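This report covers a ligand site, the cores around it and some backbone features. Please keep the structure open while reading.

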Amino acid sequence: MDRISARATAALLGDLTEDGQPLHAALATRVRHLIGDGRLPVGVRLPPERELAAAAGLSRSTVTTAYGRLRAAGWTTARQGAGTWTALPAGARSGPWVPAPADDGVLDLAHAAPRAAPQVAAALAAAVDQLPRLLPGHGYSPAGLPELRARIADRFTERGLPTTPEQVLVTAGALHGVHVALQAVLRRGARLLVDAPTYPNALDAARAVGLRLLPVALDSARPQDWLERVERTLTEASPSGAYLVPDFHNPTGLLLDDAGRARLARALRRAGTVPVVDETLVELGLDAVPGTPLGALVDGVTVGSLSKAFWGGLRIGWVRADPTLVPSLAAALQTAHMSSPAVEQLAACALLEGAEASLPASRQRLRAQREVLLAELAAQLPDWQVDRPAGGLVLWCRLPSARSTRLVQEAGQRGLRLVAGPRFGTGHAFEDRLRLPYTGSPEVLRRAVRILVEADAAATARPRRAAVV
Ligand SMILES: Cc1ncc(COP(=O)(O)O)c(C=O)c1O
């Protein structure tokens with residue numbers, strides 16, 4: 001889409017009087033949300049002021065003021081006499097998003113990070129026993145320990161993506177892998193297709209690498225629309241890269257089916273867009289098994305990690321790429337990373353070797369926790385809309401109104417740490433969303449929902465106006 005008609009824009013805007021703001025502010029806020037959640041793609045020409053005013057039943061001065069605000073805040077660019085185009089403000093970042101200390105007495109549902117699987121301590125102890133065979137050497141393994149690269153390659157091959165050890169590089173977790181992949185395969189200033197919503201730290205990594213984001217709206221209720229939008233964006237904008245999470249997407253939990261994977265791969269190939277496929281959650285299928293790895297259908301980089309299936313504290317992840325991309329990945333990796341730690345890599349080998357035996361119990365625990373959280377929410381917050389994801393670690397709740405930030409503040413004051421919906425987008429969209437991980441024990445989840453009930457009541461009793469651009 002390179003332009004949008006006044007009628008289509010007015011339909012997207014809906015009723016602006018609902019916001020309780022002056023109309024020009026409500027119009028600017030709504031446009032910002034539409035850009036942030038991808039329903040208005042970046043680089044689209046907005047209708048002329050007079051036409052939008054007529055179609056939306058607004059005065060011309062209301063539209064002029066709103067366009068002026070959007071332009072001043074970087075949400076549009078304008079060329080004198082030529083029109084107004086949607087844009088994303090440079091550097092719209094909210095600072096690093098890292099877990100708080102684990103032991104500060106606060107219930108933490110801000111991060112979807114499970115406790116260590118029972119096998120982790122034993123794998124580390126066994127790794128220490130094996131260490132003497134490595135100690136006579138220098139201890140550095142810039143691409144990863146050969147036996148770990150071989151295990152990771154085998155796992156890919158078992159899942160339908162034939163891989164040799166030379167195609168795998170060990171990283172310090174998946175986020176490191178995403179950063180390395182974006183840096184290695186894309187140039188500063190290149191365009192990167194991302195979902196809206198998506199994993200926030202990947203957005204920050206992309207910004208750090210100097211990429212321009214092209215958000216595409218992903219609504220868990222209408223995944224087909226997402227696929228169509230992705231195809232359109234790939235055709236019309238030909239972004240150099242795409243950051244994709246096809247397996248239990250964070251935060252929506254969506255699993256792309258086989259037909260969708262084939263369509264997506266075709267569209268990526270046609271556009272010459274390199275996918276960076278984040279498979280961090282791929283082993284956490286609770287009611288469904290992921291289909292063919294996207295990397296088997298289209299060349300690109302696949303990123304994985306032990307953080308969610310075993311433990312984030314291991315800091316072991318990987319990138320897997322076609323042989324032509326491996327040298328640039330290795331160069332990007334090794335500029336700031338001499339090696340991953342030996343003990344953790346040895347432990348990772350053992351954990352991967354035993355994965356088929358150990359993962360069913362982890363999935364079973366997550367299933368039970370997911371059911372507790374779903375049941376508590378249904379009983380105590382019945383006006384929230386919550387779907388059951390087929391896998392992954394989180395629920396992506398739809399709140400009855402735009403109150404996520406307020407709710408998170410109220411919960412924080414009551415000892416429950418959460419992260420508000422907008423953190424998962426490129427702008428300020430998703431104020432009506434809240435991500436809730438089911439990584440805690442049933443007892444933790446029940447306490448969390450009790451606090452949520454109070455926080456929600458407080459947030460709705462004293463609604464705060466949505467921030468104006
Ligand atoms: C989609 C996705 N990618 C990457 C990460 C980060 O993983 P790691 O701890 O391995 O860096 C997460 C963690 O939540 C995630 O959900």
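Arg-315 is partly exposed because its relative accessibility is 37% (buried means under 20% relative accessible area, exposed over 50%, partly exposed in between, with a 1.4 Å probe and protein chains only). The place of Arg-315 is the loop between strand S10 (301-305) and strand S11 (317-321); helices (H or I, at least four residues) and strands (E, at least two) are DSSP runs, numbered from the N terminus. The phi of Arg-315 is positive, near 55°, in a residue other than glycine. Most residues other than glycine have a negative phi, and most peptide bonds are trans.

The model is predicted, local features need pLDDT of at least 70, side-chain atom pairs count only at pLDDT 80 or more, and totals for chains, interfaces and linings use all residues. Residues are numbered from 1 along each chain as its sequence is written, and side-chain values use heavy atoms, with hydrogens and water left out.

## The ligand shell

Which residues are around the ligand? They are Gly-173, Ala-174, Leu-175, Tyr-199, Tyr-243, Asn-250, Asp-278, Thr-280, Ser-305, Ser-307, Lys-308 and Arg-315 (a residue is near a molecule or strand if one of its heavy atoms lies within 4 Å of it). The shell divides into four nonpolar, five polar and three charged residues. In this count Ala, Val, Leu, Ile, Met, Phe, Trp, Tyr, Cys and Pro are nonpolar, Asp, Glu, Lys and Arg are charged, and the others, Gly among them, are polar.

A polar side-chain atom of Arg-315 lies 2.9 Å from a ligand oxygen, and a polar side-chain atom of Ser-307 lies 2.7 Å from a ligand oxygen. Leu-175 has a backbone N or O atom 2.9 Å from an oxygen of the ligand. The ligand taken alone exposes 400 Å², of which the protein buries 92% (accessible areas come from the Shrake-Rupley method with a 1.4 Å probe; for residues, only the protein chains shown count as cover).

## Ala-172, beside the shell residues

Ala-172 lies in the loop between strand S5 (168-171) and H7. Its relative accessibility is 24%, so Ala-172 counts as partly exposed. Leaving out residues up to four places away in sequence, Ala-172 touches Arg-315, Gly-317, His-337 and Ser-340 (contact means heavy atoms within 4.5 Å). Ala-172 and Leu-333 are 161 residues apart along the chain, and their C-alpha atoms are separated by 9.9 Å.

## Nonpolar cores

The largest nonpolar core has 61 residues (such a core is a set of buried Ala, Val, Leu, Ile, Met, Phe, Trp, Tyr and Cys residues joined through side-chain atoms within 4.5 Å). Those with the most contacts inside it are Leu-27, Leu-182, Leu-192, Leu-211, Tyr-243, Val-301 and Leu-329. Helix H7 (residues 174-185) gives the most to this core, with seven residues. Leu-182 touches Leu-192, Ala-202, Ala-205, Ala-206, Val-209, Leu-211 and Val-276, not counting residues up to four places away in sequence. A second, separate core has 35 residues, including Leu-286, Leu-399, Ala-411 and Leu-445.

Ala-66, in helix H4 (residues 60-72), counts as buried because its relative accessibility is 0%. Apart from neighbours within four places in sequence, Ala-66 is in contact with His-24, Leu-27 and Ala-28.

## Helix H8

Is helix H8 (residues 200-208) mostly covered or mostly uncovered? Mostly covered: eight of its nine residues are buried. The buried residues are Pro-200, Asn-201, Ala-202, Leu-203, Asp-204, Ala-205, Ala-206 and Arg-207. Their cover includes H7, strand S6 (191-196), strand S7 (212-217) and strand S8 (241-244). Gly-210, which follows H8, has a positive phi near 85°.

The peptide bond from Ala-196 to Pro-197 is cis, with omega near 10°; Pro-197 is in the loop between S6 and H8. Another cis bond runs from Asn-250 to Pro-251, with omega near 15°, and Pro-251 is in the loop between S8 and helix H10 (258-271).

Phe-248 is in the loop between S8 and H10. Although not a glycine, Phe-248 has a positive phi of about 55°. Phe-248 is buried, because its relative accessible area is 1%.

Conventions
A polar contact is a pair of N or O atoms within 3.5 Å; within protein, one must be able to donate a hydrogen and the other to accept it, and residues adjacent in sequence count only if both atoms are side-chain atoms.
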